[in-house]
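Please open the structure in a viewer and keep a selection tool at hand.

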Amino acid sequence: MNSLLATLGSKLTERWLNLLVLPGALFLAATSVGTALGHRHWHDVDRLRTGLDDLAAHAALDRTGTAALLVALALLTATAASLCAQFLGGAIERYWLRFGRDPLSRALTARRARRWKERDSALDEAVGHVHRTGTGSDGAVLIPSSALARIQALTEARDRVALREPARPTWYGDRMQAAADRVEAAYGVDLAALWPRLWLTLPEPAVRQIQSAHDSFTAAARLAAWAVAYALLAFWWWPAALVTLGCAAVVRFRARTAVDALAGLIEAAVDVHGRELATRVGLIPPEAPGLLAHDTGDAMSAVFRKAD
């Protein structure tokens, strides 16, 4: 029992240090350096060294109690900064996935929809102007490789805006919306109503994979919160703006990768385990053949919505 408690304590301490103390301490150190140097002396290492020497020579620091109190205060401040970043990260995550109800969000959604339609029209035009070069042995239509490469490039350009016509202000929200739309188109089921029930029936490996993708997205949102903090620090010390740009680049890559993986895993979970859920709730018998049918999906949506 003692060894179990010791292991749990060490893991909690490690998690506390990695998630709260270290990021907060790094920001606290950057804030101290930026406040001491400012824009004018941003690279003056001698000025910083002199300030540290003056602080170390302070008589109050010779007392053990005072030094311990300052260390505890620094740890608490770093933890508080990290907790604020986590709170802001949660707000950023919800902001990324929001629907377009306010005027700004509706304007962003309309702008993204126009870009998507322009690229979709260019893709349709390119497909319409393709000249066939013949037919393969299996009956497949042969087209020039240059035309195929152009069609692929236009498709990727359109999908960078959204997989479906944009309905939300951000790419992240549209990627999750596309997963819901594709599930409904394939099985006739409402993903929002289906997902809480399906989550309860998923095996442990699937739960871990989905949770890992969601944690990656949460971590990207938390890093975005730190980017905001360093952007504020840049008003006093401009090198912090470089940190902001670096964080923003990492955030964009990690958030897109995590959301794409999360949406794909959610669709895969419905593909693999949706029929099993329909069997568990008694809508189809276990021995029934085939995939999850549209009428079964409609019945699942009706049952799970409870006539709301």
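Predicted model: local features only at pLDDT ≥ 70, side-chain atom pairs only at ≥ 80, totals over all residues.

A nonpolar core is a set of buried Ala, Val, Leu, Ile, Met, Phe, Trp, Tyr and Cys residues joined through side-chain atoms within 4.5 Å.

**The core.** Select Trp96, Leu194, Trp195, Leu198 and Met300; among the 49 residues of the largest nonpolar core, these touch the most other members. To see where the core draws its residues, colour α1 (2–37), α3 (64–96), α6, α7, α8 (204–233), α9 (240–280) and α10, the elements that each give two or more residues to this core. Next, centre the view on Trp195. Leaving aside residues up to four places away in sequence, Trp195 touches Leu202, Ile210, Ile266 and Ala269.

**α7 against α10.** Now display helix α7, residues 191–201, together with helix α10, residues 294–305. Their axes lie 9 Å apart and the packing angle is about 80°, which means that α7 is roughly perpendicular to α10. To view the contact, show Ala193, Leu194 and Arg197 on α7, and Met300, Phe304 and Arg305 on α10. These contact residues comprise four nonpolar and two charged, with no polar ones.

**α6 against α10.** How far apart are the axes of α6 and α10, and at what angle do the helices pack? The axes are 7 Å apart and the angle is about 125°; the two helices are therefore oblique to each other. On the α6 side, select Glu184, Ala185, Ala186 and Tyr187, which meet His294, Gly297 and Asp298 of α10. This contact divides into three nonpolar, two polar and two charged residues.

**Serine 301.** Remain on α10 and select serine 301, which is found in this helix. Is serine 301 buried or exposed? Its relative accessibility is 4%, so serine 301 counts as buried, the cut-off being under 20%. Beyond residues up to four places away in sequence, serine 301 touches Gly188, Val189 and Asp190.

**α4.** Finally, move to helix α4, residues 103–128. This helix has 26 residues and spans 37 Å from its first C-alpha to its last, close to the 38 Å expected at 1.5 Å a residue. Highlight its buried residues: Ser105, Thr109, Arg112, Ala113, Trp116, Asp120, Leu123 and Ala126. An α-helix has 3.6 residues a turn, so residues three or four places apart point the same way. To see part of what covers the buried residues of α4, display α5 (145–161) and α6 (171–187), which are included in that cover.

Note on methods. Residues numbered from 1 in each chain as written. Heavy atoms only, no water. Axes fitted to C-alpha atoms, helices over the stretch in contact; angles between N-to-C directions. Helix = DSSP H or I, 4+ residues; strand = E, 2+ residues; numbered from the N terminus. Parallel < 35°, antiparallel > 145°, perpendicular 65-115°, else oblique. Contact = heavy atoms within 4.5 Å. Nonpolar A, V, L, I, M, F, W, Y, C, P; charged D, E, K, R; others polar. Expected span 1.5 Å × (residues − 1). Buried < 20%, exposed > 50% of the residue type's maximum accessible area, 1.4 Å probe, protein only.
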